[in-house]
Amino acid sequence: MTAADTMTPDIPLAGTRIPQSDVLVSVRGLKKYFPVTEGALIPRTVAQVKAVDGVSFDIRRGETLGLVGESGCGKTTTGRCILQLERPTEGEILFDGFSLSNLDRKSLSSLRRRIQVIFQDPYSSLNPRMRVGEIIGEPIRVHNIEPDRRAQERRVHELLDVCGLPKKFAGRYPHEMSGGQRQRVGIARALSLRPEFIVCDEAISALDVSIQAQIINLLEDLRDEFKLTYLFIAHDLSIVRHLCHRVAVMYLGKVVELSDCDELYGNPLHPYTRALLEAVPVADPAVEERRQHRTLKGEVPSPMNPPAGCVFHPRCTLAVEGCSKALPNLREMKPGHWVACTEV
Amino acid sequence: MSRQWPSGIAGREDHKGRNVAKLLEVENLQTHFVTPAGLVKAVDGISYEVGEGETVAVVGESGCGKSVGALSILRLIPSPPGRIVGGSVRFAGRDLLTLGEEEIRRVRGREIGMIFQEPMTSLNPVLTIGLQLTETLRQHLPVSQEAAEQRAVELLGMVGISDPRRRLRQYPHHLSGGMRQRVMIALALSCHPKLIIADEPTTALDVTIQAQILELMKDLTRRLGVALILITHNLGVVARYADRVNVMYAGRIVESGTARHIYHNPSHPYTLALLRSIPRIDQPRKTKLNPIEGQPPDLMQLGVGCAFCPRCGFAATRCREAAPILEPVAGGHLSACWEKVRLAEIRRGAS
């Protein structure tokens, strides 16, 4: 199936009924295949890892879209394609109406200012040889926003303050700070160019429990203050529920369910979404005693050789014969609630 | 500083009020690390018990001493820089801290099994799964090579690995993270231990695989009557699987009790704040989370008072002057907080 097929009118795209003026980011039939090569001198491609295999969704202005799924489902690759850190194999990414893949370097660079990222690991995403002030100020210098050094410094101090760090931290090195403080530096750096859209790639996962809530609240405050749009990539389903307006669930390179947050958690339809939600333990022994603990059997198949038909069918309790033959398209079950399953 | 074992806990009952025999008694355990920057009291006088067949969780954040405390039981602390400087660990009638090297080696893997967070680093990458299993079996038990192989096949089947005979010839890198953790469980169970120490066994795994592994561990430990010390930072995992819970902060146990005590009557401000800071999937969405402000303490710069005091909403003058001791709040429920009575009153008023 090509991107053009995905966009034929009889296969509606999830979220296409959103007025185009409200859409900030639009992902259309995105595919990213990584070649698997053999041979040291003359490498030849022997297989393809289908990391992302036909993903489409829209992100509205001011919205936080959650992208959840387990390792290897393609959620991070999707984020990296939007950031133009990976070149998509197929499909299109529109930012504010501009197709990112067709732009020349100069126009891409100016769009890039509006798109930023916060990474998972605040230990490896900050240069250990740079002071915090230099880390936060670097994007401002690269894009030549504040030519005056004094103004640059003022901006760095402002950003530290916005992210809840004292001014004196500008002179420190990353290793002198705790994980939570480093993540605040990562956030300050992302904000330094006054972006509209931020990809948060597991931005909370590496932090301690008592620090997670601090950073979640910070991300929420910043969203309100600067009218930010987030793509929130995460595997922690309770944090996604707290922070996101809409959620897309991915499995093996495909979006299997997409819906408003409360609808998805209150009324999950796809068997995989249900299994994911059942697997999340709740911090209350009385609740846990009452809950049924059915576990999903088996493991995620290799994305090099995904199952035919519905990629989830080998582990699915609802699977019927047809599931191994035809790939289910996303269907709108209720307004705004899309599911890629024929049996619900 | 020495701390007394709290009275009133000597007659042991499990979380359902049944009498259980004591299997492990950790008393006033202290493990310190000497670093160029100074002395770190990673574990500073912890005491707890594990009954036979019981699952005891140790929860806390990174650096609170939960892993060091558990590794100290088997004396697996690299020395230098680490050193167990005091306390005792009574297991099956003897103090593990006074055993000779040869004797403690016979306890490790035989009487007490271990499961670590990242199975790729605890399995030998250049040896087959089969060799690692049979080696452990033959090291500890008087069995022939054939019998050891037979047992290895049984063990892999027991932990839910399909086609065990073929798997025995495979190397760790052939297996997925979940499968490797199953092999670790098979290894830990191989010599019929009475106790398994699991240090963040599912932290590196995806949520559906985590559920599989934890269900497997619960099922096997219950069926085989093996006690489990489960070290984790995940409060949901603790609620689902633990009978009793020890909450650690800055090298000490700050609260201890049954899972229901800890979750329904938290009696230490840290436990209360932790439970209030996490979003819960079964409750209506809140507008804002209630984080614990500030940072976890630097263990090299602890004052004389309570280590949680700078982040605590209940702190009083006394909290800055002396460290509170772990004392009973109710039967078998202990808290190390000077203000625990006031905390209980406020909590009762709120609910």
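Predicted model: local features only at pLDDT ≥ 70, side-chain atom pairs only at ≥ 80, totals over all residues.
Reader: OK. How many residues of chain B are in contact with chain A?
Author: 37 residues of chain B, against 33 residues of chain A.
Reader: Which elements of chain B give two or more residues to that side?
Author: Four helices of chain B: H8 (207-224), H9 (235-241), H10 (259-264) and H11 (269-277). H8(B) gives the most, with seven residues.
Reader: And how do the residues on that side divide into nonpolar, polar and charged?
Author: 17 are nonpolar, 11 polar and nine charged.
Reader: Stay with H8(B). What length does it reach, first C-alpha to last?
Author: 25 Å over 18 residues. That is close to the 26 Å expected at 1.5 Å a residue.
Reader: Which residues of H8(B) are buried?
Author: Val207(B), Thr208(B), Ile209(B), Gln210(B), Ala211(B), Gln212(B), Ile213(B), Leu214(B), Met217(B) and Thr221(B).
Reader: What do those buried residues pack against?
Author: Helix H10 (271-279) of chain A, for one. In chain B they pack against E3, helix H7 (177-189), strand E7 (195-199), E8 and H9.
Reader: What follows H8(B)?
Author: Gly225(B), with a positive phi near 70 degrees.
Reader: You mentioned E3. Is E3(B) enclosed or open, and why?
Author: Strand E3 (residues 55-59) of chain B is largely enclosed by the rest of the structure, because five of its five residues are buried. Thr55(B), Ala57(B) and Val59(B) cover one side, Val56(B) and Val58(B) the other, and all are buried.
Reader: Which strands does E3(B) pair with?
Author: E8 (residues 227-232) of chain B is one: five bridges, parallel. Strand E9 (residues 244-249) of chain B is another, also in the parallel sense, over four bridges.
Reader: What stands opposite Val58(B) in E8(B)?
Author: Ile231(B). In E9(B), Val247(B) stands opposite Val59(B).
Reader: Switching to the core. How many residues are in the largest nonpolar core?
Author: 188. Those with the most contacts inside it are Cys200(A), Leu231(A), Phe232(A), Val255(A), Leu195(B), Ile229(B) and Val238(B). H7(B) contributes the largest share, eight residues.
Reader: Take Ile229(B). What is it in contact with, leaving aside neighbours within four places in sequence?
Author: Val50(B), Val56(B), Val58(B), Ala70(B), Leu195(B), Ile197(B) and Ala198(B). Val56(B) and Val58(B) are the buried pair on one side of E3(B).
Reader: New topic: His143(A). Where is it found?
Author: In the loop between helix H4 (132-142) and helix H5 (149-162) of chain A.
Reader: What does His143(A) touch, not counting residues up to four places away?
Author: Arg113(A) and Leu193(A). Arg113(A) is 30 residues apart from His143(A) in sequence, but 7.9 Å apart in space, C-alpha to C-alpha.
Reader: Last one. What does the model score for ipTM and pTM?
Author: ipTM 0.83 and pTM 0.87. Chain A averages a pLDDT of 88, with 94% of the residues at 70 or above. Chain B also averages 88, again with 94% scoring at least 70.
Reader: Where is pLDDT under 50?
Author: Over residues 1-16 of chain A, a stretch with 27 contacts beyond near neighbours in sequence. In chain B it is residues 1-11, for which the model has 13 contacts beyond four places in sequence.

How values were computed
Residues numbered from 1 in each chain as written. Chains lettered and ligands numbered in written order. Contact = placed C-beta atoms within 7 Å. Nonpolar A, V, L, I, M, F, W, Y, C, P; charged D, E, K, R; others polar. pLDDT = per-residue confidence, 0-100. Buried ≥ 20, exposed ≤ 12 C-beta atoms within 10 Å, placed from the backbone. Pairing = 2+ DSSP bridges. Expected span 1.5 Å × (residues − 1). Core = buried A, V, L, I, M, F, W, Y, C linked by C-beta atoms within 7 Å.
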